[in-house]
Protein chains: 2
Amino acid sequence: MRTSIATVCLAGGLVEKLHACAAAGFDGVEIMDADLIAAHESPEEIRALCARLGLSIDMFQPFRDLEGVDEPTFARNLRRAEAKLDVMERLGADLLLVCSNAGTATVDDDEVAARQLAALADLAAPRGIRLAYEALAWGRYVDDPLHAYRIVRLADRPNLGTCLDSFHVLSRGHDPRVIEEIDGDAIFFVQLSDAPALDMDVLSWSRHHRLFPGEGAFPLTDFVSSLVRTGYAGPLSLEVFNDTFRQTDVVRTAAHARRSLTWLEDRAAAADGRSEGRIVGPQPARGVDFVEIGGADLAEVERILEQLGFAFAGRHRSKPVRLWTAGAARIIVNEQRREREPGLTGLGLTVDDAAAAFARARALGAPQVYRRTYLGEQDLPAVAAPDGTEVFWSDRPEEASWIGEFVGGVEAPGALSGVIDHINLGYRWHEFDEAVLFAGAVLSLSTESASDVPGPGGLVRSQVMRTEDGVLRVPINLAPPTAAAPARHVAIRCDDAIAAARAARAAGLPFLPIPDNYYDDLEARFGDMVEPGLLAELRELGLFYDREEDGEFLHFYAPVTGDVFVEVVERRGGYDGYGASNAPVRLAAQRLAQA
Amino acid sequence: MRTSIATVCLAGGLVEKLHACAAAGFDGVEIMDADLIAAHESPEEIRALCARLGLSIDMFQPFRDLEGVDEPTFARNLRRAEAKLDVMERLGADLLLVCSNAGTATVDDDEVAARQLAALADLAAPRGIRLAYEALAWGRYVDDPLHAYRIVRLADRPNLGTCLDSFHVLSRGHDPRVIEEIDGDAIFFVQLSDAPALDMDVLSWSRHHRLFPGEGAFPLTDFVSSLVRTGYAGPLSLEVFNDTFRQTDVVRTAAHARRSLTWLEDRAAAADGRSEGRIVGPQPARGVDFVEIGGADLAEVERILEQLGFAFAGRHRSKPVRLWTAGAARIIVNEQRREREPGLTGLGLTVDDAAAAFARARALGAPQVYRRTYLGEQDLPAVAAPDGTEVFWSDRPEEASWIGEFVGGVEAPGALSGVIDHINLGYRWHEFDEAVLFAGAVLSLSTESASDVPGPGGLVRSQVMRTEDGVLRVPINLAPPTAAAPARHVAIRCDDAIAAARAARAAGLPFLPIPDNYYDDLEARFGDMVEPGLLAELRELGLFYDREEDGEFLHFYAPVTGDVFVEVVERRGGYDGYGASNAPVRLAAQRLAQA
């Protein structure tokens, strides 16, 4: 389907927005009048620019509150509308959005609304302009898509149709299938936005919390499937406004927006068994191949890995890169990243088909990452996530993989053996939603649960994304608005966290100082439930503990270096969480350790 | 009344929080268990610190979900509660908060709840510990303060009372007077928070949007008046959490919190005609004495003032400070502020009693500002607002005021003559609420209206505060979370903005470039309503225009210097707004001019 985006989705001036939309690969745009009014370019100049950029102007949105009013008011509205038809002719736009009256309507009569819409349609027809009438969820008399459609049919003009907006349909709790009652030919335009599940008044929800498809909780795949069944053949357009999107670079937001549409169309086509609209299918992770810590000087990181019981598995044959392993858990230490403090800069995933995983990511607009490889080295396909984190895919068996490129490692295994349990990614406030969409669309992870963790500097929102089987778990942490991104970490899961902690202490690892009050609280909460002596042992060693009905969680943290650290965890029984209740204590202890 | 604050209101570690509470002048604190658990100091050490700081520990809040459960669950809950009674003895805290069960309750029976509360009360009694039972607004079976009170009476224990929280009472839409049905002796504790009027689920509203008294829309004055009528004699305590307070310095937040309680107690006492709790009464502004623009180099500011038609009214006898006037509008240009770019750094207000205005501000915790004055100079009393803006008061007639200290000005008036219409203050995201409280409590302004203005970098929230008569109008603009504070401006109201614009153009003032599209839109909206030729004149001169039913607004902007600029406005008829609909165009034009 053709793709379009409302200029109101982006920050900046109209000309910048149009360039960004074209660069992101949109076919067309909806122009919001407010953007045109603030622009110094004439409508003719905007028209010419769009033509040069290969963007169609799919819709123009110039006013509110046309219909459902008394005749003198309508005469004034018509005068205003006519002036906007002039602008549309200058712009070369042929579709006018008319939203149901939410402000000034005083006449609750479908006949009147239809007659007034018909009058404007008749004015527009000789100019070759069509009208799309849309029910706003907070329209005074018309707030339902089928109601708007009834009025359109009543008006009975060939150049009058309806516009559907997923927000206005789904925020009212309608089943998306209701739109199948509308004749596809009568749907002149479709606007899409997602939104988080919030229980609040619909106008504020709409104004402040819309999201791009794949970032929220709306059943948009079903919506698009139903839309396809109506026979609708027009563009899918994004109309998203919220409190964060304008904070980011316009080019980045446009690319991100385009990704959300590609993902949505693919999902809907897959659900319906259609091939049109599909991209290369998802390649869910079968395992975590490695995590990369990058930075200019990683001596401290390597000392910590050694103290944790990682084994040094060799240096790369041709690059300043070293490999450390703890059983099947591999951490690459990459000193090629000269420009930065130590950080979690990349992850490698094992998939069935690495080329397909890469092709999907490229189709979803992720930029390719080039790394210099030499003859005989494995060339892992890789892309950059929106925040720059690099994602690599491998489909070779271990014995044939890049691992063989590392030489000079010790033979003996280290004291720690395990797998990578989860990779915790911290983002700044305005990067969170795009990280969620990237993880869903490119990494094929699903959203698990979200929680708010009170840290010493504000609430940290944590959204877990994972494969169903738990092979790849990515808790995504969102910083408070004015804070830096939270430090990231990689958690190694082993069979015996107590033994691992003892060994690490013996090797000199500095542990986070955990207050006695924390252990007193553990006694109060769990003293009668845990095996005797366990809590004393946790206190002695400085381990964290959590417990759910079906299991237990033991964990501890190595010191933060740059903005990355390593956690060691043990899951007992069916414990499936991440020790979120301990996060405030951990955050306070890290703050103290870094002060 | 005694004042207290929950440690959860503040950022940082427990020890920092306690120091900040003491510095702000609170009498006591409520300690949240999570703060204690994350602290490295033992309960005994915290107790000793509070004693040294002169803070009583008024309440301890260690767990949730005690009552309304089956007997085996209750036995476990009691075990956990007993461990917390041990902690309270170590802390020296004698009041335990028990919130109504919102998570695990399965037994909807007041008798059971009462019996279980009584059991804990009996355990606590020998230790000299009392219990305060509070109805959470989202409690499973108990969500109403009178219901909690009925259960307390049913349990009938001398050491069991109730805790009232204004949020839980007022968020449910209860009339504050319902609490007068509770015997004051049975009210063991009172927690206060304000909140904006939002239509959303009460749990999210409570978690993310609580405010300090005076920042929101709750009838807290009535709440406190009703509370006084019950005979309650305990402390007023603040329990406020939201997404911004933790972003600010703990000392500043504590001082701000304390101000909110002083203001609230004063308001309630004034409403009830009590003298206890009063501070010096408000001194509403009778006029704007001056606005000060400060900075290291203000040559450009002065050139602009001259081009605008201000008259140079002299240099200060002893300081690098100059005065410019446009009729009754006075702008002081102060180059003593060497450390900064040009900005709106101060304002002077005319009041009936400057000493009283100053004393009130000091009682509300605003720090005094000292300026060096010499013999024969007027020593204006002044304080600093939380963001550093200085506020001066004067009660002398003009001929006896500081104005006489400026010498060497030109005799002839400038081309511009008017008064200061409004002073627009921009704040960063996390400074907004405290700015609103400061303007309300210290400047005695009331909240008028709020609107969201889409700027090129995000939504700018604008909250107008003013005196009833409009002598002092202060629109407060809130930046999007990741943005800098919006530029501030002072608007001069004159009788003929067109003439003022012509004169300023003739004098060489660079005008903001306003797009033709803007004037085309004015034609569309108002072409049939305005006097002939007006719109053409606006277009020619580059003026903005707005219109309401009862009047018109003409305005234009001088260039931004540093982060301050001057606006010239003309109000025709009863127009009472600020041209908010033009703000997006103005913001885009300013962005362009500064690019």
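Q: In this predicted model, what makes His489(A) count as buried?
A: Its relative accessibility is 3%, and buried means under 20%, so His489(A) falls on the buried side of the cut-off.

Q: Where is His489(A) found, and what does it touch beyond residues up to four places away in sequence?
A: His489(A) is found in strand E21 of chain A, which covers residues 488-493. Leaving out residues up to four places away, His489(A) touches Leu344(A), His422(A), Ile423(A), Asn424(A), Tyr557(A), Phe565(A), Glu567(A) and Arg586(A).

Q: And His422(A): buried or exposed, and how do you know?
A: Buried again: the relative accessible area of His422(A) is 2%, and the cut-off for buried is under 20%. This residue lies in strand E17 of chain A, residues 419-427. Setting aside neighbours within four places in sequence, its contacts include His489(A), Glu567(A), Arg473(A) and Tyr578(A).

Q: Which residues does the UniProt annotation "binding site" cover?
A: According to the unreviewed UniProt entry, they are His422(A), His489(A) and Glu567(A). They span 146 residues in sequence, but no two of their C-alpha atoms are more than 9.4 Å apart, so they gather at one spot.

Q: What makes His422(A) a contact of both His489(A) and Glu567(A)?
A: Contact means heavy atoms within 4.5 Å, and both His489(A) and Glu567(A) are among the residues in contact with His422(A).

Q: How do you know how chains A and B are related?
A: Chain B can be laid on chain A by a turn of 180 degrees and a shift of 0.0 Å along the axis, with an RMSD of 0.0 Å. The two copies are thus related as by a two-fold rotation axis. Of the residues in chain B, Met200(B) comes closest to that axis, with its C-alpha at 1.8 Å.

Q: Why can one say the copies meet through the same surface?
A: Because 100% of the interface residues of chain B are also interface residues in chain A.

Q: What kind of crossing is it, and which residues of H1(A) and H3(A) meet?
A: H1(A) passes H3(A) in a right-handed crossing. On the H1(A) side, Leu14(A), Val15(A), Leu18(A), His19(A) and Ala22(A) take part, and they meet Ile46(A), Leu49(A), Cys50(A), Arg52(A) and Leu53(A) in H3(A).

How values were computed:
Residues are numbered from 1 along each chain as its sequence is written. Chains are lettered from A and ligands numbered from 1 in the order in which they are written. This is a predicted model: local features need pLDDT of at least 70, side-chain atom pairs count only at pLDDT 80 or more; totals for chains, interfaces and linings use all residues. Side-chain values use heavy atoms; hydrogens and water are left out. UniProt positions are given in the numbering used here, feature names are shortened, and annotations may be inferred rather than shown by experiment. Helices (H or I, at least four residues) and strands (E, at least two) are DSSP runs, numbered from the N terminus. Buried means under 20% relative accessible area, exposed over 50%, partly exposed in between (1.4 Å probe, protein chains only). Copies are superposed by least squares on the C-alpha atoms of residues with pLDDT of at least 70 in both. A crossing is left-handed if the near helix is turned anticlockwise from the far one by less than a right angle, and right-handed if clockwise.
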